[in-house]
Amino acid sequence: MLSLQDVQRIARLARLELSGAEAEAMREQMNAILAMVDQMSAVDTQGVEPMSHPQDVTQRLRDDVVTEPDRRDDFLALAPQAEDGLYLVPKVID
Amino acid sequence: MRADWEVVIGLETHAQLTTASKIFSGASTAFGAPPNTQASAVDIALPGTLPVLNKGAVERAIRFGLAVGGTIAQRCVFARKNYFYPDLPKGYQISQYEQPVVAGGTLSFLLDGAVKTVRLTRAHLEEDAGKLLHEAVPGSSGVDLNRAGTPLLEIVTEPDMRSAAEAVAYAKALHALVRWIGICDGNMQEGSFRCDANVSVRKPGGALGTRCEIKNLNSFRFLEKAIEYEIRRQVEVIEDGGKIVQETRLYDPDRDETRSMRSKEDAHDYRYFPDPDLLPLAIDRAWIDRVGGAMTALPDALRGRYISQLGLSLYDAMLLTESREKAAFFDEVMKADVQAKIAANWVNGEVSALLNDAGLEFDRSPVSGGQLSRILQLIADGTLSGKGAKEVLREVARGDSATGDVDEIVASKNLKQISDGGAIEAAVDQVMAANPKLVEDYRSGKEKAFNALVGQVMKATQGKANPAQVNAALKKKLG
């Protein structure tokens, strides 16, 4: 069972701000999901390979060829702030 | 620092792969383009875009796995590593977690004349992040996403290294190998090959100490200095009664120290999970065999051949296979009829020193393999003395001769050894006549005087007399 603290931590990792009421609502929903997972855990899966994707197919590969043109100006126009060919963000210091 | 601390080091190296296009998009990976001109919709994470894996990146990972004798996964999975930073617009880096493309393998190299082997844990494929420019626009950080999505192979070792020097020797061997198999250009200034070092100290035989990770070391010198500083720091902290806190540290070359990145407590909670946008990657035996079949001889194979067929020592063979260019140069020398041991000595000694002084690699050597083999033949037949041969090598390297013909240089520079018995005897007579004191000293039992006389004869012949013949002639005449 997740506590409110767990929910707030997960929210922080996802850069989400939750009010107290929202966190409580999320806690209930997430616990319901976990309860469902618990229920599925009861199924005997011995000898079954875990799948990383719902379909049992594999990746198709692309040949190593440059196909993308330069569309910088189109893309920069979508950004809230851009200058000198750069996307701008609030100053980040390591 | 007290001597009773054992240092434990593991390295993680990011080798940028030499593909033309990015790992999940068709944008170019060429270095130095104007900002964001090589950042496609996938690289800047526009909604609705999907990654498509580059076959060339996988193929290079297979080459690496074969070269280190690792296990290449028949099936592997890409995972999302979640964190927020402006150089990574998706909010996650596509990497591999539980099922990397290569598991295990080893890398061997020379350290203080002995062979050291480091075990590899794994090598996995991942995408690089973009670059932040803090000075370009006042008050803001600029984001250049040209590098975002560039394919990297992250190569992780077991904690097998016991000193900074050993870590550097490993890193140099790895650097040579990735260039040898052509998967990485190894350009450290451009960030194509960078290391993170995990460092801890412990009492010998004790449990592993808490480790710190030093990030982004992009030169062998910084790698060595950063590890040395970090060892001193950790020992001091522990000896002062403190505890090492597991953390990420940055090396500051200007102050020669590492300092904590003071990351937030959650920074390492990456919440990896399989990327639903990418299906599992299947690598079948036939593909691995095709890749292996197209590879040039690996250092290990060449070493084996040098030892078994040419009778060289392991030490010589390791030195010759430090880089593919050096081995190729040696092979070129050996095309002529020369003695392998002597050729190895010259390649590892004189020629290496010459290139070192000039700051050149073997592929740009001013002396060709063919020219060196001719010089060695002229030593073997007595035309050149060892000293004369070194002069010829330097003359050839200078490149003044139009043809570069070794015999012509020997003749024009008058470097031929004097092996004419008559000429040598004449020089000996002349020196004995001019140095009666030395002659007398020798005859009255002062052995040292003999060497002085040899020196005089060599001087009189401008160093060109055959030393063995000079010795013999002197002995005979002195009685």
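Q: Is Asp441(B) buried or exposed?
A: Asp441(B) is buried, because its relative accessibility is 15% and the cut-off for buried is under 20%. Keep in mind that this is a predicted model.

Q: Which residue does Asp441(B) form a salt bridge with?
A: Lys437(B). The closest N and O atoms are 3.1 Å apart.

Q: And where do Asp441(B) and Lys437(B) lie?
A: Both are in helix α13 of chain B, residues 436-443. They sit 4 residues apart, about one turn of the helix.

Q: Lys437(B), buried or exposed?
A: Exposed, since its relative accessible area is 55% and exposed means over 50%.

Q: Which residues do salt bridges with shared partners join into one network?
A: Glu230(B), Arg233(B), Glu247(B) and Arg249(B).

Q: How many salt bridges over all chains?
A: The search of the whole structure gives 38.

Q: What does Lys90(B) form a salt bridge with?
A: Glu127(B), at 2.7 Å between the closest N and O atoms. That pair links distant parts of the chain, 37 residues apart. Lys90(B) is in the loop between β4 and β5 of chain B, while Glu127(B) belongs to strand β8 of chain B.

Q: Which class does each fall in, Lys90(B) and Glu127(B)?
A: Lys90(B) is partly exposed at 25% relative accessibility. Glu127(B) is buried, with a relative accessible area of 6%.

Q: Chain A now. What does Asp74(A) form a salt bridge with?
A: Arg71(A), with 3.4 Å between the closest N and O atoms. Asp74(A) counts as partly exposed, at 44% relative accessibility. Arg71(A) is partly exposed too, at 41%.

Q: How many salt bridges between chain B and chain A?
A: The count is 2. Arg9(A) and Asp269(B) meet in a salt bridge through their side chains, at 2.6 Å from N to O.

Q: And how many residue pairs in polar contact across the interface?
A: The rule finds 21, with both residues at pLDDT 80 or more.

Q: What does β10(B) pair with in chain A?
A: Strand β2 of chain A, residues 86-90, pairs with β10(B) in the antiparallel sense over 4 bridges. In that pairing, Val89(A) has Ser141(B) as its bridge partner.

Q: What order do the strands of that open sheet have?
A: β1(A)-β2(A)-β10(B)-β9(B), 4 strands with antiparallel pairing.

Q: Why is one side of β1(A) left without a neighbour?
A: β1 of chain A, residues 82-83, stands at an edge with a single partner strand, so one of its sides has no neighbour in the sheet.

Q: How many bridges join β1(A) to β2(A)?
A: There are 2, and the strands run antiparallel. Ala82(A) stands opposite Tyr87(A) in β2(A).

Q: What about the sheet with β4 in chain B, what's its order?
A: β5-β4-β16, an open sheet of 3 strands with antiparallel pairing. Its edge strands are β5 (92-95) and β16 (273-274) of chain B. Strand β4 of chain B, residues 79-82, pairs with β5(B) over 4 bridges. Asn82(B) stands opposite Tyr92(B) there.

Q: Last one: which residue takes a positive phi in the hairpin of β7(B) and β8(B)?
A: Asp112(B), near 50 degrees. The hairpin has 2 residues between the strands. β7 (residues 106-111) and β8 (residues 114-127) of chain B pair antiparallel over 6 bridges. Thr106(B) has Arg119(B) as its bridge partner in β8(B).

Terms used:
Residues numbered from 1 in each chain as written. Chains lettered and ligands numbered in written order. Predicted model: local features only at pLDDT ≥ 70, side-chain atom pairs only at ≥ 80, totals over all residues. Heavy atoms only, no water. Salt bridge = Lys/Arg side-chain N within 4 Å of Asp/Glu carboxyl O. Polar contact = N/O pair within 3.5 Å; in protein donor to acceptor, adjacent residues only side chain to side chain. Pairing = 2+ DSSP bridges. Buried < 20%, exposed > 50% of the residue type's maximum accessible area, 1.4 Å probe, protein only.
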